[in-house]
Amino acid sequence: MKVKEHYPLYQALANIVGTEHVTDDDFACWATIGDLGIELPPESHLVSPPDIVVRPQSTEQVSRVMRLAQRTSTPVTVAGGKSGVGGGCMPSEGGILLDMLDMNEVLEVDEDSMVVWVQAGCTWSKMLTELERKGFTTGCMGPHGNMSAAVGGSVALNSFGVNTPKYGHVGECVASLEVVLPTGDVIRTGTRSNQAANFTYRYLQGPDMAGLFTGGSGVFGVVTEAALRIYDIPIHTAFSCFAFKSIEAMMEALYRVQRSGYLTDGMGLVGGATQRYFPQVPEAVGVLGLGFDDYDERIARAQKDICDRIALECGGEDLGQELGEAIVANKWGLASNMNLGFGNSPQMVGPSTTMNALRGGVKAFVEHAERHAPDMTVVPHTDLPACQVYVLISNQVMALIGHGGQFTSWDREMRQKWYREDRDFLYRRVKGIGDSLDLVGHRGTEAVVASWNPAYHEFLRALKKAIDPNMILNRGIFNLT
Ligand SMILES: Cc1cc2nc3c(=O)[nH]c(=O)nc-3n(C[C@H](O)[C@H](O)[C@H](O)COP(=O)(O)OP(=O)(O)OC[C@H]3O[C@@H](n4cnc5c(N)ncnc54)[C@H](O)[C@@H]3O)c2cc1C
């Protein structure tokens, strides 16, 4: 029997991380090709399986892997929970897959600075559970429905999620990052760039370099540790739920509620399926669930009362606290239901401002998609900070290509059609209409790059070249080579 030859860097990598943390088995390499958030299998021209998978155990090991890769011009792709939707956790040219999930410790809860330091491969689930035991929570509590995402992946994508209306994107919750640059050098941002500092704060000490690594899809460095701001768990919550007879009225209410600044989290349903979930309001085409929290019961209640008044002024019908709680508290479950249905595509109008989304055609979208896929539900998350909205249109692409929401991934032709439609759709929204894309990765690169001012693209290229001379890290994303 012929013995399989190892990948040329196998031994050198095994010397760094240990043989038990490296594999070039075909099975393991192919098994790592995937992104839970989108079907982008290897037949897509955008991605290919790695040649070798490495699971580092420490920052020092990541640094040594990067030095080796830089010396040998070997492509490296970083992966966390592999759910980023843009497929950025998948290599575009083989090489090393740096799987961060073994670096998963909650390192320190620093009550002086009110931050938690975690290793980048720590899942939201693990971090929040450990924090909760001590009475703390983070601001944004990670992506909806996806607690298995890793903190490093969410930083790299600047994800949004639970409680984003109040606390902003994950990036805004970052206090400091430890990053291994593509050269192998290790840096810390913010006050932690001061080697003598014993507190953690994002700003001071010069430019805000954490921003380079939030939303950069991993092209500028490997995040190995992150400090996120923490808060005492707010004990008082209040919820509301309102049904609306027109999409315009609902979006107007949402806009005014967001503008008040009181909303902690919220979620809406729009479209015909609303009536399936809320048969008690037969004419409803939209329902909003709103959540408010605070450390004082009176303040939580007052925030709710102000927003209730706004919803009523916009013609909302009050469906009561209980339903509001069911919608907002179950937001994770709802969102993952929408996203994970096989073949569903989390397409969106936006992220954009709420009023822009309304003007830019939420209504037309709903009507169009429902003509083709009558069961479809649109989910406007009130995810982004005040006055913004992220409208997920599950099944949208399937509806657009005329499959009525039915999609089977075994049908190669249908898959190809899906990729084309998906690409054109993103292109139209970003380049054509001016929506801005998050979760970029490979999937969104073409649209985002086409929308950039060329000078901006050149600026990022120059930055990349300066810190990644052989352009080894996360090749393909943002077309920086
Ligand atoms: C059901 C479901 C619901 C979701 N809901 C949301 C949502 O509400 N909001 C939202 O924003 N997203 C959502 N997502 C997308 C995704 O879960 C998040 O964006 C998540 O933050 C990605 O984290 P990850 O660890 O899975 O990243 P991965 O997919 O592993 O990686 C994402 C990108 O980050 C890079 N990367 C990973 N780790 C590092 C690191 N340590 N250093 C540098 N770069 C790194 C990768 O190379 C890749 O480019 C959802 C996905 C699913 C499947």
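First, the ground rules. This is a predicted model, in which local features need pLDDT of at least 70, side-chain atom pairs count only at pLDDT 80 or more, and totals for chains, interfaces and linings use all residues. Residues are numbered from 1 along each chain as its sequence is written.

Start with the ligand. There are 41 residues around it, and Gly80, Gly88, Gly152, Gly153 and Gly218 come nearest. Near means that the C-beta atom, placed from the backbone, lies within 6 Å. Which elements give two or more residues to this shell? They are strand 3 (76-79), helix 5 (151-157), strand 10 (222-232) and helix 13 (331-340). Helices here are DSSP runs of H or I, at least four residues, and strands are runs of E, at least two, numbered from the N terminus. Helix 5 gives the largest share, 5 residues.

The shell has 18 nonpolar, 21 polar and 2 charged residues. Ala, Val, Leu, Ile, Met, Phe, Trp, Tyr, Cys and Pro count as nonpolar; Asp, Glu, Lys and Arg count as charged; the others, Gly among them, are polar.

Where does the ligand shell lie relative to the domains? Domain 1 (106-232) and domain 2 (236-433) both contribute residues to the shell, so it lies between them. Those bounds come from an automatic or database domain assignment.

On to helix packing. Two packed helices are described by the angle between their axes and the distance between the axes. Axes are lines fitted to C-alpha atoms, for helices over the stretch in contact, and angles run from 0 to 180 degrees between N-to-C directions.

Pair one. Helix 1 (residues 10-17) and helix 3 (residues 59-71) have axes that come within 9 Å and cross at roughly 160°. These two helices are therefore roughly antiparallel. The cut-offs: under 35 degrees is roughly parallel, over 145 roughly antiparallel, 65 to 115 roughly perpendicular, and the rest oblique. From helix 1, Ala12, Leu13, Ile16 and Val17 meet Gln61, Arg64, Val65 and Leu68 of helix 3. Contact means C-beta atoms, placed from the backbone, within 7 Å. The contact residues divide into 6 nonpolar, 1 polar and 1 charged.

Pair two. Helix 9 (residues 247-260) packs on helix 11 (residues 297-313) at about 155°, with axes 9 Å apart.

The axes of helix 17 (residues 412-433) and helix 18 (residues 441-451) come within 9 Å and cross at roughly 25°. That makes helix 17 roughly parallel to helix 18. This contact has 6 nonpolar, 2 polar and 3 charged residues.

Notes: Two residues are in contact if their C-beta atoms, placed from the backbone, lie within 7 Å.
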